[in-house]
Amino acid sequence: AGRLGEHDNEGTVDFDRWPTSLPGLLELTADALESGKTVLGHVRAKVDTDRVLEWEITH
């Protein structure tokens, strides 16, 4: 079974903030879309002027 995480350009991998499953990530994403809160503490959904969903990194 795989794990969810993120990596940067230096090759560092981080699993700490991520849920343990894809359904868990989808649940966090749905909650963020409904509430306007961030996903994983640093990614926020926004809709641009053309009504396109974008993800803004807020760190």
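Keep in mind that the model is predicted.

**Stop 1**

**Stop 2: the whole chain**

Zoom out and switch to a cartoon view. What secondary structure does the chain have? Count 1 helix and 4 strands. In sequence order, the pattern reads β-β-α-β-β. Along the principal axes, the C-alpha atoms fill a box of roughly 35 × 25 × 15 Å.

The accessible surface of the chain is about 4800 Å². Carbon and sulfur atoms account for 51% of that surface. The chain has 59 residues, and 15% of them are buried.

Next, consider contacts along the sequence. Take those between residues at least 6 apart. Of these, 7% join residues at least 24 apart.

Colour by charge. There are 6 positive and 12 negative side chains. The centres of the two sets lie 4 Å apart.

**Stop 3**

Select Gly2. This residue sits in the segment before strand S1, residues 6-7. Is Gly2 buried or exposed? Its relative accessibility is 69%, so Gly2 counts as exposed. Now draw a distance from Gly2 to Thr20. The two residues are 18 apart along the chain, and their C-alpha atoms are separated by 9.0 Å.

**Stop 3: the salt bridge**

How many salt bridges does the structure hold? The count is 1. To find the partners, select Glu6 and Arg17 and show their side chains. They meet in a salt bridge, with an N to O distance of 2.9 Å. The pair links distant parts of the chain, 11 residues apart. Glu6 belongs to strand S1, while Arg17 is in the loop between strand S2 (13-14) and H1.

Check the cover on each partner. Glu6 has a relative accessibility of 24%, so it counts as partly exposed. Arg17 has a relative accessible area of 38%, which means that Arg17 is partly exposed.

**Stop 4: two positive phi angles**

Most residues other than glycine have a negative phi. Go to Leu40, in the loop between H1 and strand S3 (43-47). Leu40 is not a glycine, yet its phi is positive, about 60°. Its relative accessible area is 15%, below the 20% limit, so Leu40 is buried.

Then jump to Arg51. Which loop holds Arg51? Look between S3 and strand S4 (53-57). The phi of Arg51 is also positive, near 65°, in a residue other than glycine. With 75% relative accessibility, above the 50% limit, Arg51 counts as exposed.

**Stop 5: Val52**

Select Val52, which is also placed in the loop between S3 and S4. Its relative accessible area is 41%, so Val52 is partly exposed. What does Val52 touch, beyond residues up to four places away in sequence? The partners are Lys46 and Val47.

Now draw a line from Val52 to Val13. These residues are 39 apart in sequence. From C-alpha to C-alpha, they are 30 Å apart in space.

**Stop 7**

Finish at Thr58, in the segment after S4. Its relative accessible area is 37%, so Thr58 is partly exposed. Show its contacts, leaving out residues up to four places away in sequence. Thr58 touches Thr38, Gly41, His42, Val43 and Arg44.

Terms used
Residues numbered from 1 in each chain as written. Predicted model: local features only at pLDDT ≥ 70, side-chain atom pairs only at ≥ 80, totals over all residues. Heavy atoms only, no water. Buried < 20%, exposed > 50% of the residue type's maximum accessible area, 1.4 Å probe, protein only. Contact = heavy atoms within 4.5 Å. Areas by Shrake-Rupley, 256 points an atom, 1.4 Å probe, with all protein chains shown as cover. Lys, Arg positive; Asp, Glu negative; His and termini not counted. Charge placed at Lys NZ, Arg CZ, Asp CG, Glu CD. Salt bridge = Lys/Arg side-chain N within 4 Å of Asp/Glu carboxyl O.
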